[in-house]
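Please look at the model before reading on.

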Amino acid sequence: MAGFASLRERMIERQVVARGIDNPALVSALRAVPRELFVSKGFESAAYADAPLPIESGQTISQPYIVALTIDAAQVGSNDKVLEIGAGSGYAAAVIGQIADQVIAIERHRELAQLAGDRMKRLGYSNVRIIEGDGTRGYPDEAPFDAIVAAASGSHVPQVLLDQLRPGGRLVMPIGEPGAIQELVKVTKHPNGSLKREELGAVRFVPLVGAHAFPEN
Ligand code: SAH
């Protein structure tokens, strides 16, 4: 395990801090979560590579830098309740869980939701709940959220998600066509309810598939 700890440290220094993300709570969270336990069997040695990796159900575990960029932009704080759309391996949800009070992470593929849920149990991450379903509808039972992050690219920012954001809350999600270069978008809901939209740069994510995003196929 000593090998993975030094790879993890090098990932944090070269891929995250060197690119300008030095948020201490986020750096500690990245240091705490063993990414090698979130990749598919056989990919452990590549777990800290500067790239996304394939996981089950034809999906990917996001590049570490992109996970950090999204969480940093969402300004996740220690008292926050966070919704993640597209739990995948559960890695980003686990990192958020190290910072926030509570995480609800939704995944549409049953196989991935089960694997991610098993990982949270095994690692004792009891403040992270993995739910199988369509995250484009949000999760009304637990709304409002202080932050909402999506790990898959939508066609637009769904109004239902903005409705489930607490005043003062932040939503960060990629917007753009499948396979194309997409834009990472941040929407802040001000305490008076008004919305501010910012574009954070070009990214490439798997498609968000659901009622308020792209159709299946
Ligand atoms: N955060 C993940 C990244 C997974 S890739 C990680 O750290 O591993 C994005 C995931 O979004 C895929 O697993 C995909 O199945 C899922 N997804 C796509 N559309 C979705 C939707 N409408 N609701 C929930 N999950 C969705």
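## The sheet

Seven strands form an open sheet in the order 5-4-3-6-7-8-9, with mixed pairing. Strands here are DSSP runs of E with at least two residues, helices are runs of H or I with at least four residues, and both are numbered from the N terminus. Two strands pair if DSSP finds at least two bridges between them. The edge strands, strand 5 and strand 9 (195-203), each pair on one side only. On average, neighbouring strands of this sheet are turned by 15° against each other, direction ignored.

The model is predicted: local features need pLDDT of at least 70 and side-chain atom pairs count only at pLDDT 80 or more, while totals for chains, interfaces and linings use all residues. Residues are numbered from 1 along each chain as its sequence is written, and side-chain values use heavy atoms, with hydrogens and water left out.

## Strands 4 and 5

Strand 4 and strand 5 pair in the parallel sense over five bridges. The bridge partner of Ile-104 in strand 5 is Arg-129. Helix 5 packs on the sheet, touching strand 4 and strand 5, and its direction makes about 165° with that of strand 5. Such angles run from 0 to 180 degrees between N-to-C directions, with axes fitted to C-alpha atoms, for helices over the stretch in contact.

## Helix 5

Helix 5 has 14 residues (110-123), which at 1.5 Å a residue should span 20 Å; its end C-alpha atoms are 20 Å apart, in agreement. The expected span is 1.5 Å times one less than the number of residues.

Leu-112, Ala-113, Ala-116, Arg-119 and Met-120 are the buried residues of helix 5; buried means under 20% relative accessible area and exposed over 50%, with partly exposed in between (1.4 Å probe, protein chains only). Seen down the helix 5 axis, these buried residues fall within an arc of 125°, so they line one face; the arc is that of the directions from the axis to the C-beta atoms. The face turned away carries the exposed residues Arg-110, Gln-114, Lys-121 and Arg-122. Just after helix 5, Gly-124 takes a positive phi of about 75°.

## Ser-89

Ser-89 is found in the loop between strand 3 (81-85) and helix 4. Ser-89 counts as buried because its relative accessibility is 4%. Leaving aside neighbours within four places in sequence, Ser-89 is in contact (heavy atoms within 4.5 Å) with Phe-38, Ile-55, Ile-61, Ala-116 and Arg-119.
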